Amino acid sequence: MEDLRELYQATILGHNKKPRNFRAMEDATHEADGHNPLCGDQLTLYVRVDESGKIVEEVTFQGSGCAISKASASIMTDFVKGKTVDEVQTDFDHFHNLVTSSPSEEAKLEGLGKLAVFAGVREYPMRVKCATLAWHALREALAGDGQTAQTE
Amino acid sequence: MTFDVQSIRKDFPILDSETRGKPLTYVDSAASAQKPRQVIDAMSEFYGSQYANIHRGVYKLSADATMRYEDARTRVAGFIGAPDPREVIFVRNATEAINLVARSWGDTEIGEGDEIVLTMMEHHANIVPWQMLAGRTGAIIRVAEISDEGVLDLAHLKSLLGPRTKLLAFTHVSNALGTINPVREITSLARERGIVTLLDGAQAVPHQPVRVSELGCDFYVFSGHKVFGPTGAGVLWGRLPLLEAMPPFLGGGDMIESVSFDGTTFAPVPQKFEAGTPDIASVIGLGAAVEYLEGIGMEKIAAYEHSLLEYATEKLATVPGLRIVGTAKEKAAVISFVLEDAHPHDIGTILDTEGVAIRAGHHCAQPLMKRLGLPATARASFAFYNTYGEVDTLVDALKKTEELFR
């Protein structure tokens, strides 16, 4: 069970079982669907940005998927709350770089806070799409073109 | 039961390896089967000391290579009970074989308003080429229903066979459910009505004796890599008169009789359908795989695998919250399942950390998954090199998974 702890840390399992901000949002200003056709993971992401158009006030999500995608969405919704749209873009880049970096390198965890639990995904390239699904949807939502986000 | 699985395992070098620091438990043979030393050696010997192009050189090396390639055709024909080796066309895989039939036979014989009948349990390979054909010709696709247990609804299938039905294409064994379809019963329905049949045998040929001449079908396809042979070699079998009437699929070298700018005449079957230099080494490898299987005996293989299936079905029932998807009476050694609290991809990853290789996903059968109301399943599929001990390893790993997600 040693290996399992790395990827399926208690945090991920907890968020999978009781995801935060797991609801639709009536006063959302932005919205996007995320779909991972390979796994059948499917989520809708709701975002409320303040009147200035700069601050992400709240993010919620709904949908179904594996533990990695659900926990990633859950942790993300807490993580980006109150940040600027530009900061969220930087977070996206940091997170994406973390999970797609080589497992032989030291993981760059600075500024990633709770997102660091996803460093283990690096060992499982087939699961990167699961971890990044919510982030892709968030970026699509903020870009506001209303298209369904697909993981690459 | 006398089946010496331990000595068989010695023929498969990869089965002795480790993955993620654990001994490999390979139970994903329905996706692709592992290769015995006999296949690997035949190919490396061919490249190392016997290699030349076929059907052209006048020198001995090329003549010998041609003979080896054609010997493989004869051997494969014997293996599947084809009355004539010319009925065996080498392609890349089952997918290419179906596309060949859809393009060559389909474009000639199918017209607007004609009907193609498929089933709900088809692999995408036996759906998409027909949809593309329907798109080109204006033909209509009809789909036979299945029960919740994963059994084909024969009454519904029969009701779909009408005066406009030109083709019935269905799977011999379902890759996602393991269901073995009652082939002769179905092909006789089609024959009575003059409907051409194509059977997807990708999951059947590795597991049981197949005699195409006794199945009552017109076309039969399978992939070499699922029959313990290499990737890159697959088989289309068709009745000789049908193949002879069909136009070529791809044009080029090797498939012609004579070429001039005034017109070209085509070679007879099978060469008509084998344009360009084929994957010679893989065909030779497939021949070696078939020889290997014949050495063990497909009846023995089927019987041993059935005992594995029964054992695994019983043991899996002891995993809390596990539900087997596909519970037909007639099944190959393929078990799809879901766990109450864990997504199939999480199951796949956790089993991977235990050295257990399974498939998780939609199994290239999205319409089937939708029919069953599932986004995905986990699937363990067994071959004759798997052991009862490996079933135990799988079950123990699933119990750990269940505990983790509880």
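**Exercise 1. Find out how confident the predictor is, for chain B and for the model as a whole.**

Start with the chain. The pLDDT of chain B averages 96, and 100% of its residues score at least 70. Keep the reason for checking in mind: where pLDDT is low, predicted coordinates should not be read in detail. Then take the model scores, which are ipTM 0.84 and pTM 0.93.

**Exercise 2. Work out the strand order of the 7-stranded open sheet in chain B, and say which strands stand at its edges.**

Step one: trace the sheet from one side to the other. The order in chain B is β4-β10-β9-β8-β7-β5-β6, with mixed pairing.

Step two: look at the ends of that list. In chain B, β4 (88–91) and β6 (140–144) each have a single partner strand, so one side of each is left without a neighbour in the sheet. From one strand to the next, the twist averages 20 degrees.

β4(B) is joined to β10 (residues 234–238) of chain B by 4 bridges, and the two strands run antiparallel. To find a pair by eye, pick V88(B), which sits opposite W237(B) in β10(B).

**Exercise 3. Describe how α11(B) packs with α14(B).**

Step one: get both values. The axes of α11 (residues 298–316) and α14 (residues 388–405) of chain B come within 10 Å and cross at roughly 25 degrees.

Step two: classify the angle. Angles under 35 degrees count as roughly parallel, so α11(B) is roughly parallel to α14(B). The crossing is right-handed.

Step three: list who meets whom. From α11(B) come L308(B), Y311(B), A312(B), K315(B) and L316(B); from α14(B) come Y388(B), V391(B), D392(B) and V395(B). By class, that contact of α11(B) with α14(B) has 7 nonpolar, no polar and 2 charged residues.

**Exercise 4. Count the residues in the contact between the chains, then characterise chain A's side.**

The contact takes 16 residues from chain A and 14 from chain B. On chain A's side, helix α1 (residues 2–7) gives the most, with 3 residues. The side of chain A that touches chain B has 11 nonpolar, 3 polar and 2 charged residues.

**Exercise 5. Locate a cis peptide bond in chain B and a non-glycine residue with positive phi in chain A.**

First, the background: most residues other than glycine have a negative phi, and most peptide bonds are trans.

In chain B, the cis bond joins V269(B) and P270(B), with omega about 5 degrees. P270(B) lies in the loop between β12 (263–266) and α10 (280–296) of chain B.

In chain A, go to N21(A), whose phi is positive at about 50 degrees although it is not a glycine. You'll find N21(A) in the loop between α2 (10–17) and β1 (30–36) of chain A.

Key: Residues numbered from 1 in each chain as written. Chains lettered and ligands numbered in written order. Predicted model: local features only at pLDDT ≥ 70, side-chain atom pairs only at ≥ 80, totals over all residues. Pairing = 2+ DSSP bridges. Axes fitted to C-alpha atoms, helices over the stretch in contact; angles between N-to-C directions. Parallel < 35°, antiparallel > 145°, perpendicular 65-115°, else oblique. Left-handed = near helix turned anticlockwise from the far one by under 90°. Contact = placed C-beta atoms within 7 Å. Nonpolar A, V, L, I, M, F, W, Y, C, P; charged D, E, K, R; others polar. pLDDT = per-residue confidence, 0-100.
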